[in-house]
2 protein chains.
Amino acid sequence: MKRRAVPIGAALHSICSGTRFLSLSTSGAFSHKTIKSPALSSVDIVDSWDSTSKLPVQPCTQKLSKNQTAKIIDGSAIAEGIRSRIASEVRRMKESIGRVPSLAAILVGQRRDSLTYVRNKTIASEEVGIKFKLTSLREDCTESEVCNALCRYSEDPSVHGILLQLPLPQHLDEAKILSFISLEKDVDGFHPLNIGHLAMQGMEPLFIPCTPKGCIELLLQSGVEIMGKNAVVIGRSNIVGLPMSLLLQRHHATVTVLDALTKNPEKIAREADILVTAAGVPDLVRGSWLKPGAVVLDVGTNPIEDCTSEHGYHLVGDVCFEEAVRVASAITPVPGGVGPMTVAMLLCNTLEAAKRALNFTTTC
Amino acid sequence: MKRRAVPIGAALHSICSGTRFLSLSTSGAFSHKTIKSPALSSVDIVDSWDSTSKLPVQPCTQKLSKNQTAKIIDGSAIAEGIRSRIASEVRRMKESIGRVPSLAAILVGQRRDSLTYVRNKTIASEEVGIKFKLTSLREDCTESEVCNALCRYSEDPSVHGILLQLPLPQHLDEAKILSFISLEKDVDGFHPLNIGHLAMQGMEPLFIPCTPKGCIELLLQSGVEIMGKNAVVIGRSNIVGLPMSLLLQRHHATVTVLDALTKNPEKIAREADILVTAAGVPDLVRGSWLKPGAVVLDVGTNPIEDCTSEHGYHLVGDVCFEEAVRVASAITPVPGGVGPMTVAMLLCNTLEAAKRALNFTTTC
């Protein structure tokens, strides 16, 4: 077994968007333009953690130590409890009004990881009684084909939630396409208006993105106080890092967001009471990155070649679990931590969408 | 002269929204609800810095020292240069197509500070040739009266930019009302969709909120590198702190946002290469809060009673300037720092809005 990341799946939580690097002027002279600020898209650069300076020099290979202290946050068990509650709500809905929530997914191409995630969502939906529909489009489909599929589902009253499986192939404009999802059905919560509502105090997003929502749920159900705590989020993708930082701020944590350009991330991470990592780099976060007693949520899902495994790989997170477990007070494992919560929150958002659409209120 | 904040103006950059305090459960037990996460609006609490524990014990009264080191960032001069460029662009537009940009403001009530800000914006607009319209509504007007005024301006093709002077009286739902401003005319950039676009990589907001845009402009024109730097933003209001943190992230700073609940803000502030403060508390940031060589942008505009002044008060920032100037490498004064830039950026956004609406492109 080699501990080396293989390409599949690496892009699930990849830090997204932006391709051009624009060197910011450091000249103090007044430019010929009215102002110097460049267009924001032009300053976006790929937030890649591949720099060797950021990767640990020593591989993290220690076995689980006897002096383990951290509580393992059992995302699978917590998610199971949530799914069970959702299933009973769905049954109640069916008995009361003869309807069940319905979730439609659009998959572009045949990425192995995307196929796996869509299959998992299908199974999870059906297990709780949510109807699942899938539209599969070819890898080389046009932008308008994807938008048309989204519009059809947006207009279809029998569909309550829509998810577009990300990432999309490079030739498609993810940002533009996401805007075609009806706000009321945006169960992934990635619509920019929804993100704006999440960011702004006094506003309420219709849906909170599933992974950050799952992380907060893990903290709350594990009895972790968020208010007034120092939280560090590693990675600032549109789908995990950004909404995670906004959500932690809404819960009154003091939040620092690290990206691949951060100098001395280890030092900053070590100030965190709550550390959420979504960088997509195995073993990025070593034991030395953690404050003793920190709570660690590992969103990374990095496939590692493993000839002993049925699929030829197994998943590891961004955190060197064996080291972290001896420093942290609580930690999520990979797999079985954040992952199951993401799917549970998707079901939860779909149920919410259906309840709103069908004007069905809970009594329990 | 007493160094005590008086009420007027204190709310200009006040940390906004949210009234209810919700105690977050720390129980690990599974609740009777599907999930524990509360509605986000319910966790919003007023972000007040009034706690005595946050205020400096010793008043900041030192006179400017001889061993001053910081460069004073002259916001007035930089803003003047920008206004001059805008004026020449407006003249060119008038000569080319016989039109000039037009900005409409809505003022609710007669707050003394709001009247001052609106008057300043009127003068600044007219000086660069931007037409300025004002609708004044009574303090006790209804939500629909404000929305109707916004809708009229939104539909009026002769108006290119709309600003709603904040804060609104307590009985009005600021968040809801802001959504009535046409996106294409939202020159303050406070519409939630605009904030969503600002937050998300790969997306481009139509307008960047004026104060944060002005701050970035000050950094760029002062030759301050942003990328990879540690930035700390004090305050997380929807109109300054939040968009400031998002904009600094888009420029690849590592950003920490402090609020009134942050434990040991001094220690965190001392890690900042770039410190932006918008807390609305005079002398909150002392010299001891700064890393030597830090760049300090002071967004605070706190009126201090001053019987020697014509108006009975003068303005101070959140930073104890006399101490900070001996530690920082560059600092904005109050007044004459960020303030003039905010107005210049409003004019800049209005020009942009008009150019888009009139399909007028620049050639310079």
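Are Arg236(B) and Asp259(B) buried or exposed? Both residues are buried, where buried stands for under 20% relative accessible area, exposed for over 50%, and partly exposed for the range in between (1.4 Å probe, protein chains only). The model described here is predicted, so local features need pLDDT of at least 70 and side-chain atom pairs count only at pLDDT 80 or more, while totals for chains, interfaces and linings use all residues. Residues are numbered from 1 along each chain as its sequence is written, chains are lettered from A and ligands numbered from 1 in the order in which they are written, and side-chain values use heavy atoms, with hydrogens and water left out.

We can start with the two chains. The same surface serves both, as 99% of the contact residues of chain A recur in chain B, a contact being heavy atoms within 4.5 Å.

Next come the salt bridges, each a side-chain nitrogen of Lys or Arg within 4 Å of a carboxyl oxygen of Asp or Glu. Over all chains, 24 of them are found. In one, Lys267(A) pairs with Glu271(B), with the closest N and O atoms 3.0 Å apart. Lys267(A) lies in helix H9 (residues 265-269) of chain A and Glu271(B) in the loop between helix H9 (265-269) and strand E7 (274-277) of chain B, so this pair joins two chains. Helices (H or I, at least four residues) and strands (E, at least two) are DSSP runs, numbered from the N terminus. Lys267(A) is partly exposed at 36% relative accessibility, and Glu271(B) is partly exposed at 35%.

The opening pair, Arg236(B) and Asp259(B), also forms a salt bridge, at 3.5 Å from N to O. Another joins Arg286(B) to Glu323(B), with the closest N and O atoms 2.6 Å apart, and both of these residues are buried.

What about cysteines? A disulfide is a covalent bond between the sulfur atoms of two cysteines, assigned here to a pair of sulfur atoms within 2.5 Å. The structure holds zero disulfides over all chains. For Cys210(A), the nearest cysteine sulfur, that of Cys348(A), is 8.7 Å away. Cys210(A) counts as buried at 4% relative accessibility, and Cys215(B) is buried at 0%.
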